[in-house]
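Welcome! Below is a friendly tour of one protein model, taken topic by topic. Have the structure open beside you as you read.

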Amino acid sequence: MFRTHTNGELNIENLDQHVTLSGWVQTIRDKGFMMWIDLRDRYGITQLVFDADRSSPELLESAGKLGREFVIQVEGKVIERQSKNPKIPTGDIEILVEKLTVLNQSELPPFTIEDQTDGGEELRMKYRYLDIRRNPVKEKLIFRHKMAQKVRNYLSDQNFIEVETPVLIKSTPEGARDFVVPSRMNPGQFYALPQSPQTFKQLLMIGGMDRYFQIVKCFRDEDLRADRQPEFTQIDCEMAFVEQEDVLQIFEGMTATLLKDIAGKEFGKFPRMTFADAMQKYGNDKPDIRFGMEFVEVNELVKGKDFKIFDDAELVVGINVEGCAEYTRKQIDELIDWVKRPQVGANGLIWIKFQNDGVVTSSVNKFYNEEDLRRVAATFNAKAGDLILLMSGNENKVRTQLSALRMELGNRLGLRNPKEFAPLWVIDFPLLEWDEETNRYHAMHHPFTSPKPEDVHLLETDPGKARANAYDLILNGNEIGGGSVRIFDKDLQAKMFKLLGFTKEDAEAQFGFLMNAFQYGAPPHAGLALGFDRLVAILDGNEVIRDYIAFPKNNSGRDVMIDAPSAIADEQLNELALKVELID
């Protein structure tokens with residue numbers, strides 16, 4: 001037995017017991033006549049003491065040869081500490097060591113393995129197995145585990161069955177790029193890694209499983225950012241004999257349960273917002289409703305005053321930043337520079353200040369008198385001390401640009417408190433979106449999303465106006481889940497494929513297995529997938545998912561720890577009947 005107790009377990013009630021502990025050497029404090037060592041494992045830290053008056057010279061000599069991160073085993077007696085540490089559970093006791101065994105030595109770590117470390121992110125990712133020993137990383141992985149357990153318990157209680165689906169599947173169009181895997185037994189042919197188990201969960205409904213879920217790895221070959229990884233985890237779910245409302249009730253209940261159990265927050269019915277309203281009020285389909293700054297359109301008030309920037313714009317729209325009329329010219333110039341960055345792409349920003357003394361002024365006083373400005377301010381319900389920011393241009397672009405500014409101001413003003421939560425359903429998405437480059441429609445969600453029953457006729461006459469029977473679950477301005485009622489009628493599915501530009505042959509080649517299954521009594525079904533990594537991060541007060549993944553990739557999609565991706569040997573290429581030629 002390597003240990004009788006863990007390093008987070010012993011306390012004053014264990015006095016005088018003889019125990020065996022194992023773990024890593026965290027710190028060493030050597031006074032010559034006395035030595036203290038903090039011994040660490042996953043559960044905590046226990047202080048060890050070696051005393052010249054009570055320990056043999058051989059034991060003191062062995063202890064003096066220890067280094068940081070050595071793996072050791074000790075046997076000894078639990079005694080009361082003279083200088084107690086109330087910050088840790090074991091802070092009232094220490095172990096008077098009687099026997100020391102070095103289980104493994106350690107090189108000097110490349111960074112300090114403490115809560116506040118001197119290691120940069122790239123270095124810590126290279127030595128991720130060392131980084132995991134640190135409390136901030138360890139605690140995030142434990143938090144993720146607890147979340148997974150709660151999800152499984154909730155869904156199991158709702159009669160969902162966990163079913164594993166294949167990882168080597170068929171490459172299909174739409175969505176992001178696939179990761180592909182060559183087949184040795186079928187030369188020249190490739191598997192794809194699943195972007196989601198979409199078709200398989202529909203097949204499970206046809207198979208009569210009724211309620212399915214899976215906490216599953218998914219793979220998308222996309223450009224990365226802080227909240228995106230090439231491999232990520234979904235809570236993937238599907239239900240038979242349900243309508244949209246049934247799905248929303250189940251997963252609103254699950255999210256509310258997690259918010260209560262994990263974050264201690266109780267919620268009633270989640271608010272709902274149509275896609276059209278979200279775009280009009282917030283400029284994106286995943287609005288953060290923890291704060292206001294709703295968009296106000298002012299075309300009628302500002303056009304016709306010989307201000308060309310507004311007169312030529314398709315849309316003039318703004319937000320009211322409450323209490324910020326005292327912003328200096330420097331602060332406003334910083335905002336103007338911020339929106340002009342390539343990531344936002346705006347031409348500039350017009351401001352109107354409703355000053356604390358009641359005077360209204362603006363950056364366009366040359367074109368608008370005080371009465372004009374007061375009318376604009378009244379439209380925003382502005383009061384003394386408020387700052388109005390206006391942007392103009394192409395309708396879709398300017399909404400996106402103003403949305404980015406709104407979120408930036410929310411961050412700067414401390415309005416996006418990570419300990420506050422604001423769930424929201426966004427519903428009634430467009431079914432299709434037109435792509436100018438390919439000159440055809442693309443599915444807003446995926447090809448299996450059903451149109452609203454009342455909009456089915458529009459597929460023949462005006463497909464762009466058809467709404468999807470789809471829904472997204474938003475939390476704090478992040479899409480944490482999305483899904484839809486599925487098409488289960490083969491004729492409607494064939495019509496959808498045709499709208500998306502598939503020939504009959506293309507549809508058969510890509511999705512023939514699903515279309516064939518529809519001929520054998522497909523039930524009405526609907527589903528939803530939640531981004532588990534993002535949900536975990538947000539409920540823990542963060543938005544960066546990388547910290548909650550045991551072995552993440554960097555922003556280039558590389559695992560710097562194992563040096564992947566990497567070239568493979570010629571022998572492997574020959575077995576796969578492949579030859580590598582890089583194209584410039």
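The side chains of Arg467 and Asp428 form a salt bridge, with N and O 3.6 Å apart; a salt bridge here is a side-chain nitrogen of Lys or Arg within 4 Å of a carboxyl oxygen of Asp or Glu. Arg467 sits in the loop between helix H13 (458-461) and strand S20 (470-475), and Asp428 in the loop between strand S17 (423-427) and S18, so the pair ties together parts that are 39 residues apart in sequence. Helices (H or I, at least four residues) and strands (E, at least two) are DSSP runs, numbered from the N terminus.

Please keep in mind that this is a predicted model, in which local features need pLDDT of at least 70 and side-chain atom pairs count only at pLDDT 80 or more, while totals for chains, interfaces and linings use all residues. Residues are numbered from 1 along each chain as its sequence is written, and side-chain values use heavy atoms, leaving out hydrogens and water.

**Salt bridges**

- Side chains of opposite charge can pair when their charged atoms come close.
- Is Asp428 buried or exposed? Asp428 is buried, with a relative accessible area of 16%, while Arg467 is partly exposed at 27%. Buried means under 20% relative accessible area, exposed over 50%, and partly exposed in between (1.4 Å probe, protein chains only).
- Asp428 and Arg467 also belong to a network of salt bridges that links Asp428, Lys452, Glu454, Asp455 and Arg467.
- In the whole structure, a search finds 46 salt bridges.
- One of them joins Glu69 to Arg133, with the closest N and O atoms 2.7 Å apart. Glu69 lies in the loop between helix H1 (57-64) and strand S4 (71-80), and Arg133 in the loop between helix H3 (128-131) and helix H4 (135-157), so this pair ties together parts that are 64 residues apart in sequence.
- Glu69 is buried, with a relative accessible area of 3%, and Arg133 is partly exposed, with 24%.
- Glu581 and Lys579 form a salt bridge too, at 3.7 Å from N to O, and both of these residues are exposed.

**The sheet around S14**

- Look for an open sheet of 5 strands in the order S12-S13-S16-S14-S15, with antiparallel pairing. Two strands pair if DSSP finds at least two bridges between them.
- Strand S12 (296-297) and S15 are at the edges with a single partner strand each, so one side of each is left without a neighbour in the sheet.
- S12 is joined to strand S13 (residues 315-321) by 2 bridges, and Val296 has Gly318 in S13 as its bridge partner.
- S14 pairs with strand S16 (residues 386-393) over 5 antiparallel bridges, where Phe354 is partnered by Asp386.
- S14 also pairs with strand S15 (residues 360-362), over 3 antiparallel bridges, and here Ser362 is the partner of Ile352.
- The hairpin of S14 and S15 has 5 residues between the strands, and in it Gly358 takes a positive phi near 95 degrees.
- In a regular strand the side chains alternate between the two faces of the sheet.
- Which residues of S14 lie on each side? Ile350, Ile352 and Phe354 are on one side, Trp351 and Lys353 are on the other, and all are buried.

- Gln47 is found in strand S3 (residues 44-51) and is buried, with a relative accessible area of 7%.
- The side chains of Gln47 and Arg81 make a polar contact at 3.3 Å. A polar contact is a pair of N or O atoms within 3.5 Å; within protein, one must be able to donate a hydrogen and the other to accept it, and residues adjacent in sequence count only if both atoms are side-chain atoms.
- Strand S2 (residues 34-41) pairs with S3 in the antiparallel sense over 8 bridges, and the two form a hairpin with 2 residues between them.
- With strand S5 (residues 93-104), S3 pairs in the parallel sense over 2 bridges; Leu48 stands opposite Ile95 there.
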